Amino acid sequence: MNKFYESIAGVLEVDDVRPETRFRETDGWSSLMAFGILVSMENEWGAPLTVDELLKCETARDLFLLAFGSFAARLLGISREEALAASHGSIPQWDSVNHLRLVMEAESRFGVTYPLERIPAIKSVADFVDAAE
């Protein structure tokens, strides 16, 4: 399990969270857990969310996508919205050097790995989230 999903599991007080986990359907879901997710997203992952943004998230993958988007935005020097819409090579900031930086720094930050053979196929923030092992 990656560090992000471990963090969300801690907030939800469950043993395991997977990308498909519908976090609002967790036993004992409460406004306190929602607040915990908001605090974790901002303080731990540097991805502040509004309540409306949280309400649009259905799964833990949706949360990870926003956290990774914020991470990519900081690394590339753009907004989260731009990072979520961009792809490798679509903007000057996302060149091959920064693509490799995203891989290496994401592995460290989120505790994930990207098999070498998959890296060339990663083209977007969503691809990074889905390819993480």
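Predicted model: local features only at pLDDT ≥ 70, side-chain atom pairs only at ≥ 80, totals over all residues.
Trainee: With which residue does R18 form a salt bridge?
Mentor: R18 itself, at 45% relative accessibility, counts as partly exposed. Its closest contact of N and O atoms in the salt bridge is 3.2 Å, and the partner is D16.

Trainee: What length does helix α6 reach from its first C-alpha to its last?
Mentor: Helix α6 runs over residues 96–110 and so holds 15 residues, for which a span of 21 Å is expected at 1.5 Å a residue. The span found in the model is close to that expectation, at 21 Å.

Trainee: Within what arc do the buried residues of α6 fall, seen down its axis?
Mentor: The buried residues of α6 are N98, H99, L102, V103, A106 and F110. Seen down the axis of α6, these buried residues line one face of the helix, because the arc within which they fall is 150°.

Trainee: Which residues are exposed on the other side of α6?
Mentor: The cover over the buried residues of α6 includes α1 (3–12), α4 (60–76) and α7 (125–131). On the other side of α6, the exposed residues are V97, M104 and S108.

Trainee: How far apart are the closest N and O atoms in the salt bridge of E105 with R101?
Mentor: Both residues lie in helix α6, where E105 and R101 are four residues apart, about one turn of the helix. An α-helix has 3.6 residues a turn, so residues three or four places apart point the same way. E105 is partly exposed, with a relative accessible area of 33%, and R101, at 32%, also counts as partly exposed. In the salt bridge that E105 forms with R101, the closest N and O atoms are apart by 3.3 Å.

Trainee: How many salt bridges does a search of the whole structure find?
Mentor: One of them joins the side chains of E25 and R22, at 3.1 Å from N to O, where E25 counts as exposed at 58% relative accessibility and R22 as partly exposed at 38%. For the whole structure, the number of salt bridges that the search finds is eight.

Definitions and conventions: Residues numbered from 1 in each chain as written. Heavy atoms only, no water. Helix = DSSP H or I, 4+ residues; strand = E, 2+ residues; numbered from the N terminus. Buried < 20%, exposed > 50% of the residue type's maximum accessible area, 1.4 Å probe, protein only. Arc of directions from axis to C-beta. Contact = heavy atoms within 4.5 Å. Salt bridge = Lys/Arg side-chain N within 4 Å of Asp/Glu carboxyl O.
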